[in-house]
Amino acid sequence: MLNRAQLETFVEMMFKEKRIELPEDIELEDIVEAFCKYLDDDLNEWLKMRFSAFFLLTSGEGSIDWNWVRENINAL
């Protein structure tokens, strides 16, 4: 789900900003891959929670307040 090239650029930027040096036995690509998987897991859970909050606003599971959704669409 995440763009690894952008994530690599971000990690490099943050390492420079925080003055973090990579150990010689760890490759940047490995860090990016591990960090990406870590973020994907969190992002998936966050998206599920936000989906429920956006669509299931009325009482009871599966009861979508479509008027509220329309208002949000129109607000764009």
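What covers the buried residues of α2? Part of the answer is α1. I will go through the two helices and then their contact. Keep in mind that this is a predicted model.

Start with α1, which runs over residues 4-17. This helix has 14 residues, and its first and last C-alpha atoms are 19 Å apart, close to the 20 Å expected at 1.5 Å a residue. Three of its residues, L7, V11 and F15, are buried. These residues lie on the same side of α1, because they cover an arc of only 70° around the axis. On the other side of α1 you find A5, Q6, K16 and E17, which are exposed. The cover over the buried residues of α1 includes α2.

Now α2, residues 28-55. With 28 residues at 1.5 Å each, α2 should span 40 Å, and its end C-alpha atoms are 39 Å apart, so the two values agree. The buried residues here are L28, V32, C36 and D40.

Next, how the helices meet. The axes of α1 and α2 come within 10 Å and cross at roughly 110°. Angles from 65 to 115 degrees count as roughly perpendicular, and therefore that is the word for α1 and α2. On the α1 side, the contact is made by R4, L7, E8, V11, E12 and F15. On the α2 side, the residues are L28, E29, I31, V32, E33, F35, C36 and L39.

Which classes of residue make up the contact of α1 with α2? Nine are nonpolar, five are charged, and none is polar.

Technical notes
Residues are numbered from 1 along each chain as its sequence is written. This is a predicted model: local features need pLDDT of at least 70, side-chain atom pairs count only at pLDDT 80 or more; totals for chains, interfaces and linings use all residues. Side-chain values use heavy atoms; hydrogens and water are left out. Axes are lines fitted to C-alpha atoms, for helices over the stretch in contact, and angles run from 0 to 180 degrees between N-to-C directions. Helices (H or I, at least four residues) and strands (E, at least two) are DSSP runs, numbered from the N terminus. Angles under 35 degrees count as roughly parallel, over 145 as roughly antiparallel, 65 to 115 as roughly perpendicular and the rest as oblique. Contact means heavy atoms within 4.5 Å. Ala, Val, Leu, Ile, Met, Phe, Trp, Tyr, Cys and Pro count as nonpolar, Asp, Glu, Lys and Arg as charged, and the others, Gly among them, as polar. The expected span of a helix is 1.5 Å times one less than its number of residues. Buried means under 20% relative accessible area, exposed over 50%, partly exposed in between (1.4 Å probe, protein chains only). The arc is that of the directions from the helix axis to the C-beta atoms.
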